[in-house]
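This briefing is meant to be read with the sequence and the coordinates side by side. The points below are grouped by topic, beginning with a term needed for reading the accessibility values.

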Amino acid sequence: MKSRWGVVVLLLIWFSATSLFGKPKDNDFYFRGGFYLDWYGSQFEGGDFYNQLSFRLKSELINRRGSGWSLLVDARDRLRLSQQGNNHVLLYDARLSFEKPGSRWYLSLGQMNLYDTAGIGQLLGGVLGVKVVPDLLLGAYAGLESSVYIDRVTDDYNKFGVFARYLGSKGRRASLSYNQVRYSGITERQYVYASSLFPFNKSLVLFGNLEYELASHVRSQDRLNRLFLNLRWDPAEFIDVAGHYSSGKGLDYHRYLIERSQDPTLNDKELERFYYSLFYGLRLSLKPNRSMRFYLARQESEQKDKNVRNHTWRFGASFLNIYFTGITAYGNYSLNRGEISESDSYYVSVTKDFGRVSWNVSFSNTFNGVRYDRRSGAPEILHLDDYKTISSYVFVSITRMFAVSAEYEYFLQKEADQHLFFLRLILRN
């Protein structure tokens, strides 16, 4: 019923909006997109075989974005193939938008993601804006707290706010927004979001974002809910330095679920960025020539609520097209120390290109995992015992429009070995 209601809303949006802004020209109709057919299977040693089929459509219609009317659709239908099978429809994007050079107006209606403007994630509703000058857009949005799983949308949660977005020259951009989230008419969150990408020159680039809570029930020490900064400096052609700082509430499991739904083979070796409430470090990279790269990184991470601190030194190297053989190699080794530190970890990867075919083999050990409580749906971080992974990945570009990828992973853990299979067929226009 909810999916039918969503289609009706989009049709009403289309007719009302075109009457206000004008209809697109039929002879200028534009289409670009892709269709993905995925099969995913996994099995623990001695356990049942998990079998899942998925269809995904990702398309851009009417006009190219920013050139007038544009309809964006990104949806997935996921079916579990078993006696206790279930079906889930995921809607990442389904929005009708209008933005055109020379026009002061901006409009977007439907299911969308507002991380780039208001920083509120998914929204089922509308955005209206006006360009006061060519580079500055002022706007407002309103709608429902949404989920990519369309059967979980509820009208109890409402979002609304105002924002300003600046798009300047040389890739400079910035956004500032005031946001409210209400549940059953009661304000649950009230906060300011700011984001900026600022290239000072060709060698120095700063990116950052933050969330600052304004609601009266939030303690003063908790008002800076999220802060992220990344600074990259290239003082010379053969060297670059990158620093990062992240402070927040911990696991961003909403975004983690979205990434997992798009790529079920996502490895947990980079899970720290989701659950550590304080995470900062510095990386020095050396590039003796175009095909060689070495780096040294120092990283500090802290899970404040559990008083867990880690100190990490990481060494890495990559070699591109070794002796013109089409072979690329990459590896890193991490020395993990701290109060409750994990064991040392490593990752090695070799890729060989055979023209239209690319083959990758990797080996790693990881110690992090996520399990979700079935009752509350809340994430729980698991520290695993030396979780080794052997992976093989093949990508075949058959034609300009058609490609196939296949992946096999074998996870080795004491009394918990697991096989994972993934096959994807891609048709693109």
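A residue is called buried when its relative accessible area is under 20%, exposed when that value is over 50%, and partly exposed in between. The model discussed here is a predicted one, and its confidence is taken up before the individual residues.

**Overall composition and confidence**

- The protein has 3 helices and 22 strands, and buried residues make up 39% of its 429 residues.
- Among the contacts in the protein with a separation of 6 or more, 42% are accounted for by residues 24 or more positions apart.
- The accessible surface of the protein comes to about 24600 Å², and 59% of this surface belongs to carbon and sulfur atoms.
- The mean pLDDT of the protein is 81, with 77% of the residues reaching 70 or more.
- Confidence in the protein is lowest in helix α1, residues 2-21, where the mean is 45, and highest in strand β18, residues 345-354, where it is 92.
- Over residues 1-22 the pLDDT stays under 50, and for this stretch the model has 24 contacts beyond four places in sequence.

**Strands β3, β4 and β5**

- Strand β3, which covers residues 68-80, pairs with strand β4, which covers residues 87-99, in the antiparallel sense over 12 bridges.
- Strand β4 is also joined to strand β5, residues 105-113, by 5 bridges, and these two strands run antiparallel.
- Strands β4 and β5 form a hairpin with 5 residues between them, and in the turn G102 has a positive phi of about 95°.
- W69 is found in strand β3 and stands opposite F98 in β4.
- With a relative accessible area of 3%, W69 is buried; W69 and K100, which are 31 residues apart in sequence, are 8.0 Å apart in space from C-alpha to C-alpha.

**Salt bridges between strands**

- Side chains of opposite charge can pair when their charged atoms come close.
- A search of the whole structure finds 15 salt bridges.
- One of them is formed by D74 and R56, whose closest N and O atoms are 2.8 Å apart.
- Because D74 lies in strand β3 and R56 in strand β2, residues 49-62, this pair ties together parts that are 18 residues apart in sequence.
- Both D74 and R56 are buried.
- E99 and K131 also meet through their side chains in a salt bridge, with an N to O distance of 3.7 Å.
- E99 belongs to strand β4 and K131 to strand β6, residues 122-133, so the pair ties together parts that are 32 residues apart in sequence.
- E99 has a relative accessibility of 19% and therefore counts as buried, and K131, at 15%, counts as buried as well.

**The network around R232 and D240**

- Which residues are linked with R232 and D240 in a network of salt bridges? The network links R232, D234, D240, K287 and R293.
- Within this group, D240 forms a salt bridge with R232, and the closest N and O atoms of the two are 3.5 Å apart.
- Is D240 buried or exposed? D240 counts as buried because its relative accessibility is 0%.
- R232, by contrast, has a relative accessibility of 30%, which lies between the cut-offs of 20% and 50%, and therefore counts as partly exposed.

**The surroundings of Q180**

- Q180 is found in strand β9, which covers residues 173-183, and with a relative accessible area of 9% Q180 is buried.
- The side chain of Q180 is joined to that of Y178 by a polar contact of 2.8 Å, and to that of T187 by a polar contact of 3.4 Å.
- If neighbours within four places in sequence are left aside, Q180 is in contact with Y141, N158, K159, F160, T187, R189 and Q190.

Terms used
Residues are numbered from 1 along each chain as its sequence is written. This is a predicted model: local features need pLDDT of at least 70, side-chain atom pairs count only at pLDDT 80 or more; totals for chains, interfaces and linings use all residues. Side-chain values use heavy atoms; hydrogens and water are left out. Two strands pair if DSSP finds at least two bridges between them. Helices (H or I, at least four residues) and strands (E, at least two) are DSSP runs, numbered from the N terminus. A salt bridge is a side-chain nitrogen of Lys or Arg within 4 Å of a carboxyl oxygen of Asp or Glu. Buried means under 20% relative accessible area, exposed over 50%, partly exposed in between (1.4 Å probe, protein chains only). A polar contact is a pair of N or O atoms within 3.5 Å; within protein, one must be able to donate a hydrogen and the other to accept it, and residues adjacent in sequence count only if both atoms are side-chain atoms. Contact means heavy atoms within 4.5 Å. Accessible areas come from the Shrake-Rupley method with a 1.4 Å probe; for residues, only the protein chains shown count as cover. pLDDT is the predictor's confidence in each residue, from 0 to 100.
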